[in-house]
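Here is a short report on one protein model. Have the sequence and the 3D view open as you read.

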Amino acid sequence: MPSARIRLGELLVEAQAITREQLAEMLEFQKQDGRRLGTLLVESGLVTEVQVTQILSQQLSIPWVSLYHIDFSRQLLDLVPKEIAERYGLVPIFVRRVRGLGNALYIAMDDPSDEAALQAVQHYSGLPVRCMIAPPSDIRGAIRAYYESAEGTVPTSLPPPEPVTPKPSRVS
């Protein structure tokens with residue numbers, strides 16, 4: 001019998017990133033708000049985007065990637081138009097040979113379960129697509145830095161990440 005996927009909130013509680021009480025409070029808030037739990041937890045300051053990304057990576061069995069070490073060449077960016085990148089929150093990160101498929105395009109996205117995004121990229125690029133997960137703000141930063149750069153020039157690296165304010169430690 002296949003095991004049920006553990007939910008994001010439970011994984012964050014197990015990782016001691018949030019308490020069971022904080023999870024219950026956020027789930028209650030989510031019922032009225034309707035947005036994703038991870039988004040609400042980050043906005044509330046209880047967890048960072050990186051923590052949510054790493055937990056989602058574990059939950060979905062999809063590797064996570066840091067976009068600060070990716071060489072975004074013009075050739076790579078031409079595989080996915082800016083409109084698709086912005087609409088679906090994704091960026092192409094590299095093309096690799098995959099046994100049985102030939103070359104495959106790897107993309108970083110904040111929602112790897114978005115089938116429409118995967119189909120749009122595959123249709124446009126003409127390549128099989130594999131996804132990895134990255135924090136939403138890193139993806140938005142990469143889109144801004146690389147797609148919106150001056151015509152024909154591509155920066156060699158992302159701007160440094162914005163400083164993360166450490167959250168106060170919990171006192172038991």
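## The largest pocket

A pocket here is an open set of grid points with protein on both sides within 12 Å along at least five of seven lines. Its volume is the space filled by probe spheres set on the points. The model is predicted. Its largest pocket has a volume of about 720 Å³. The lining counts 28 residues, and the closest to the pocket centre are L8, R36, L37, G38 and L56.

Helix 1 (8–14), helix 2, helix 3 (37–44), helix 4 and helix 8 each give two or more residues to this lining. Helix 4 provides the largest share, six residues. Sorted by class, the lining has 12 nonpolar, nine charged and seven polar residues.

## Overall layout

The protein has eight helices and three strands. Along the sequence they run α-α-α-α-α-α-β-β-α-β-α. Of the 172 residues, 42% are buried.

Take the contacts between residues at least 6 apart in sequence: 57% of them join residues at least 24 apart. The accessible surface comes to about 10,700 Å². Carbon and sulfur atoms account for 52% of that surface.

Helix 8 covers residues 136–147, 12 residues in all. Its first and last C-alpha atoms lie 16 Å apart, close to the 16 Å expected at 1.5 Å a residue. Its buried residues are D138, I139, G141, A142, I143, A145, Y146 and Y147. What do they pack against? Their partners are helix 4 (49–60), helix 5 (74–77), helix 6 (82–88), strand 1 (90–98) and strand 2 (102–109). Helix 8 also gives two or more residues to the lining of the largest pocket.

Helix 2 spans residues 20–33 and has 14 residues. It reaches 20 Å from first C-alpha to last, close to the 20 Å expected at 1.5 Å a residue. G34 follows helix 2, with a positive phi near 85 degrees.

Most residues other than glycine have a negative phi. Q16 is not a glycine, yet its phi is positive, about 60 degrees. Q16 sits in the loop between helix 1 and helix 2. Is Q16 buried or exposed? Q16 is exposed, with a relative accessible area of 62%.

S61 is not a glycine either, and its phi is positive at about 55 degrees. S61 lies in the loop between helix 4 and helix 5. Its relative accessibility is 65%, so S61 counts as exposed; the cut-off is over 50%.

Definitions and conventions. Residues numbered from 1 in each chain as written. Predicted model: local features only at pLDDT ≥ 70, side-chain atom pairs only at ≥ 80, totals over all residues. Heavy atoms only, no water. Helix = DSSP H or I, 4+ residues; strand = E, 2+ residues; numbered from the N terminus. Expected span 1.5 Å × (residues − 1). Buried < 20%, exposed > 50% of the residue type's maximum accessible area, 1.4 Å probe, protein only. Contact = heavy atoms within 4.5 Å. 1 Å grid on protein atoms, 1.4 Å probe; cavity = no way out; pocket = protein on both sides within 12 Å on 5 of 7 lines; lining within 4 Å. Nonpolar A, V, L, I, M, F, W, Y, C, P; charged D, E, K, R; others polar. Areas by Shrake-Rupley, 256 points an atom, 1.4 Å probe, with all protein chains shown as cover.
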